[in-house]
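Have a look at it first.

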Amino acid sequence: MIVGVVKEQKPGEGRVGVTPKNVQKLINARAEVLVEENAGVGSGFSNEDYQEAGGQIVSHAKTWEADLVVKVKEPDAEEYQYFKPNQIVWGFQHLASSPKTVAAMIKAKTTAIGGETIVKDNKLQLLAPMSAIAGRRSVIMGTYYLEAQHHGQGILLCGTPEVEAGNVVILGGGNAAVNAATLALDMGCHVSILEVKQERLDWLEKHFAGQDYQGIISNEENLAKYIKNADLFISTILIPGARPPKLVTEDMVKSMKPGSVIVDVAIDQGGTVETIDHPTTIEDPVFVKDGIIHYAVPNQPGAVPRTATLALASGNISYLLEIVEKGLNQAIKDDEALMSGINIYQGKVTNKGLANSLNYDFTEIDAI
């Protein structure tokens, strides 16, 4: 099998899906590995590093000739021309918010594996480390944009010995939320988490016991109440494979204090904030609407590519090796977690959330 490691095209994105060490593992599994020129430079891996591991440095177009194309983010529109039948495209696809990509893959009868939908032991295994990074960065970015020179309130979120710290309100109680809350609490902030599941609230209560934390049942009334006092509001709601509803209305946003900050961690899947109608970029990350600063970067971990790549590649490699060693069909028969990552199989939509979001016919993967 020929494996292609693609350089990301998204502005500010420095991650790469495979490290030189993992190129060596793929070659030991009898794969031929094509690495796009400078694919790993943003993460601190040179072309020479990949060549020493046995990879071949090639052009962007040549990389896309591979049987298994390894990316980090969804393909860009200019890459649709490279899709072909029986080709496997691997990465964080978030296809529900990218209907043109889905249409192009269906037309080409390409297979898409989304790392964001791979579930093992009831956990989003590959997404978890990226969510942890995004959650922590949300607090860091919120702190930064609350400063006056960015049109923020002009407050230090962590406060001082003389001045009370700010309020951080988080929607959703998953992995990104826990990491955001952990950093915010360590900084001395007041933290509230709104979560729909009582059992998760009970877990959070024990986890953050003794700290300046409160958990609240998430509903429209409570969300409207707590967002008013948020200096930093972080939405972490993600529905694997599907677009989430717009839970945060424009009226709620308007009720916030001028100069407050909203960070939507899951904007790559469509986001939950009504006033965010488009994603931003690492290079141009914010806009102001209704007096509130909106941070809507869909690839936050790409801003810390060395850390993110090391975490991502360590999770990717076991699945990539399964595909290389067994072929995709046998690999997904043997591994339910890998099967859960199949969003599109040879042009057929095999993720129910994706099918429902974009009104495609749904095909059970195990029926193919």
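So, the second largest pocket holds about 270 Å³ of space. Of the 17 residues lining that pocket, the closest to its centre are S97, I267, D268, G270 and P279. By class, the lining has four nonpolar, six polar and seven charged residues. Charged here is Asp, Glu, Lys and Arg; nonpolar is Ala, Val, Leu, Ile, Met, Phe, Trp, Tyr, Cys and Pro; the others, Gly among them, are polar.

Before I go on: this is a predicted model, with local features needing pLDDT of at least 70 and side-chain atom pairs pLDDT 80 or more, while totals for chains, interfaces and linings use all residues. Residues are numbered from 1 along each chain as its sequence is written, and side-chain values use heavy atoms, without hydrogens or water.

What do I mean by a pocket? On a 1 Å grid over the protein atoms alone, it's an open set of points with protein on both sides within 12 Å along at least five of seven lines; a cavity is a set where a 1.4 Å probe fits but cannot get out, and lining residues have an atom within 4 Å of a point. Points join across faces, edges and corners, and volume is the space filled by probe spheres set on them.

The largest pocket comes to about 1300 Å³. It has 44 lining residues, and L124, G174, N175, T236 and L238 are the closest to its centre. That lining splits into 23 nonpolar, 13 polar and eight charged.

Now the cavity. There's one of 30 Å³ or more, lined by K71, V72, W90, G91, F92, G115, L312 and N316. Which strand gives the largest share of that lining? β5, with three residues; strands are DSSP runs of E, at least two residues.

On to the rings. We count eight aromatic pairs (Phe, Tyr or Trp, using Trp's six-membered ring, centres within 6.5 Å; planes under 30 degrees apart are stacked, over 60 edge-to-face, the rest tilted). F45 and Y50 are edge-to-face, because their centres are 6.4 Å apart and their planes at 70 degrees. Both are buried, meaning under 20% relative accessible area with a 1.4 Å probe, protein chains only. W64 and F83 make a tilted pair, 5.9 Å centre to centre with 55 degrees between the planes. W64 is buried at 1%, and F83 at 8%.

How values were computed:
Helix = DSSP H or I, 4+ residues; strand = E, 2+ residues; numbered from the N terminus. Buried < 20%, exposed > 50% of the residue type's maximum accessible area, 1.4 Å probe, protein only.
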